[in-house]
Amino acid sequence: MSKLHIKKGDTVIVLAGKDKGKKGNVQKVLVEDQRVIVEGINMVSKSTKPSAKNPQGGIVKQEAPIHVSNVSLIDPKSGKATRVSIKHEGKNVVRIAKKSGEEIK
């Protein structure tokens, strides 16, 4: 199992699938499955039974996980998709956008 180049809170662009070209923020990273949940991307309808939280029940729209290979980080300078390089500064690890050389925060 390898580490992923995407973290929670990153802004990403979808490279493949029905939401290709859309941008969103990463809400959750599922490292074991190598998937990410992106806000507003890969929406699915899910049936829910009535509960204390949702007394009406019915159909709920929610985000489904998307494979990490189908998303790419957005370059902070140009706003386009970029790959990531990792630079070690002492004990700190810094992610750098390949396109512009800018640090990804």
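**Contacts along the chain**

I began with the contacts of this predicted model. Among those in the protein chain between residues at least 6 apart in sequence, 40% join residues at least 24 apart.

**Overall build**

Next I looked up the secondary structure, and I found 0 helices and 11 strands in the protein chain. Reading from the N terminus, I noted the order of elements as β-β-β-β-β-β-β-β-β-β-β.

Then I turned to dimensions. The C-alpha trace spans about 55 × 30 × 20 Å along its principal axes. I got a radius of gyration of 17 Å for the protein chain, whereas a compact globule of 105 residues would have one near 13 Å.

**Surface and charge**

I put the accessible surface of the protein chain at about 7400 Å², and carbon and sulfur atoms hold 50% of that. Of the 105 residues, 28% are buried. For the charges I have 22 positive and 10 negative ones in my notes, and their mean positions lie 3 Å apart.

**The nonpolar core**

Which residues have the most contacts inside the largest nonpolar core? I listed Ile6, Val12, Val36, Val38, Ile66 and Val71, in a core of 13 residues. At least two residues of this core come from each of strand E1 (11-14), strand E3 (35-38) and strand E7 (71-74).

Setting aside neighbours within four places in sequence, I see Val12 in contact with Ile6, Val38 and Val71, among others. The contacts of Val12 also include Lys22, Lys23, Gly24 and Val26, as well as Ser72, Leu73 and Ile74.

**Gly24**

Is Gly24 buried or exposed? Its relative accessible area is 11%, under the 20% cut-off, so I count Gly24 as buried.

Leaving out residues up to four places away in sequence, I find Gly24 touching Asp10, Thr11, Val12, Val38 and Glu39. I also checked the spacing of one pair: Gly24 and Asp10 are 14 residues apart in sequence, and 8.4 Å apart in space from C-alpha to C-alpha.

**Asn42**

My last stop was Asn42, in the loop between E3 and strand E4 (43-48). With a relative accessible area of 17%, Asn42 also falls under 20%, so I wrote it down as buried.

What does Asn42 touch, not counting residues up to four places away in sequence? I noted Lys18 and Asp19, and then Gln62, Glu63, Ala64, Pro65 and Ile66. Ile66 is a name I had already written down for the nonpolar core.

Note on methods
Residues are numbered from 1 along each chain as its sequence is written. This is a predicted model: local features need pLDDT of at least 70, side-chain atom pairs count only at pLDDT 80 or more; totals for chains, interfaces and linings use all residues. Side-chain values use heavy atoms; hydrogens and water are left out. Buried means under 20% relative accessible area, exposed over 50%, partly exposed in between (1.4 Å probe, protein chains only). Contact means heavy atoms within 4.5 Å. Helices (H or I, at least four residues) and strands (E, at least two) are DSSP runs, numbered from the N terminus. The radius of gyration is taken over C-alpha atoms; the globule rule is 2.2 Å times the number of residues to the power 0.38. Accessible areas come from the Shrake-Rupley method with a 1.4 Å probe; for residues, only the protein chains shown count as cover. Lys and Arg count as positive and Asp and Glu as negative; His and the chain ends are not counted. The place of a charge is taken as NZ of Lys, CZ of Arg, CG of Asp or CD of Glu. A nonpolar core is a set of buried Ala, Val, Leu, Ile, Met, Phe, Trp, Tyr and Cys residues joined through side-chain atoms within 4.5 Å.
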